[in-house]
Amino acid sequence: MKFYEESDLPIYVQLAEWLENEILREQFKADEKMYSQYQLADLFTINPATAGKSLTILLDNDILYKKRGLGMFVTAEARNVILSKRKNEKLTTLVNGIVDEAARLEVQFDELIDMLKRAKAKNEGGIDRD
């Protein structure tokens, strides 16, 4: 993973999102041990406190849980929590931005839907039929 210094997101937030992505990709499954803050710090050459903040975000969002003396582990509900959070926050924000921009550009609703369908087909390896 590469951190984007020009991003508006702090490194610890970028790292938390990367860890969420790893859970979504099932690189970490329910009740599996998560990297420690020191492992993350070594892996990405960052300060352990920065890595610790990333883990705290996941802990606070019920994506990870602590086992005293053993470390942090992925909760059974982690995947669903991440999916729900991203749908309700990130995706909603993106969609609202797209709808606002489409209105400014006078893009009709049907045209916007077609654009979304083409993007989805392209993402799924389909053929762009335009």
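Contact here means heavy atoms within 4.5 Å. The structure is a predicted model, in which local features need pLDDT of at least 70 and side-chain atom pairs count only at pLDDT 80 or more, while totals for chains, interfaces and linings use all residues. Residues are numbered from 1 along each chain as its sequence is written, and side-chain values use heavy atoms, with hydrogens and water left out.

Thr75 counts as buried because its relative accessibility is 13%, where buried means under 20% relative accessible area, exposed over 50% and partly exposed in between (1.4 Å probe, protein chains only). Neighbours within four places in sequence aside, Thr75 is in contact with Ala30, Asp62, Ile63, Leu64 and Tyr65.

Attention now turns to the interior. A nonpolar core is a set of buried Ala, Val, Leu, Ile, Met, Phe, Trp, Tyr and Cys residues joined through side-chain atoms within 4.5 Å. The largest such core has 22 residues, of which Leu15, Leu19, Ile23 and Met34 touch the most other members. Two or more residues each come from helix 1 (11–24), helix 2, helix 3, strand 2 (71–74) and helix 4 (78–104), and helix 1 gives the most, with 6 residues.

Ile23 lies in helix 1 and, at 2% relative accessibility, counts as buried. Beyond its neighbours within four places in sequence, Ile23 is in contact with Phe28, Met34, Ile63, Val74, Ala78, Arg79 and Ile82. Ile23 and Val74 stand 51 residues apart in sequence, yet their C-alpha atoms are 8.2 Å apart in space. Leu19, not counting residues up to four places away in sequence, touches Met34, Tyr35, Leu40, Leu55 and Leu58.

Gln37, Tyr38, Leu40 and Ala41 of helix 2 meet Pro48, Ala49, Ala51, Gly52 and Leu55 of helix 3. By class, this contact has 7 nonpolar, 2 polar and no charged residues; Ala, Val, Leu, Ile, Met, Phe, Trp, Tyr, Cys and Pro count as nonpolar, Asp, Glu, Lys and Arg as charged, and the others, Gly among them, as polar.

Methods:
Helix = DSSP H or I, 4+ residues; strand = E, 2+ residues; numbered from the N terminus.
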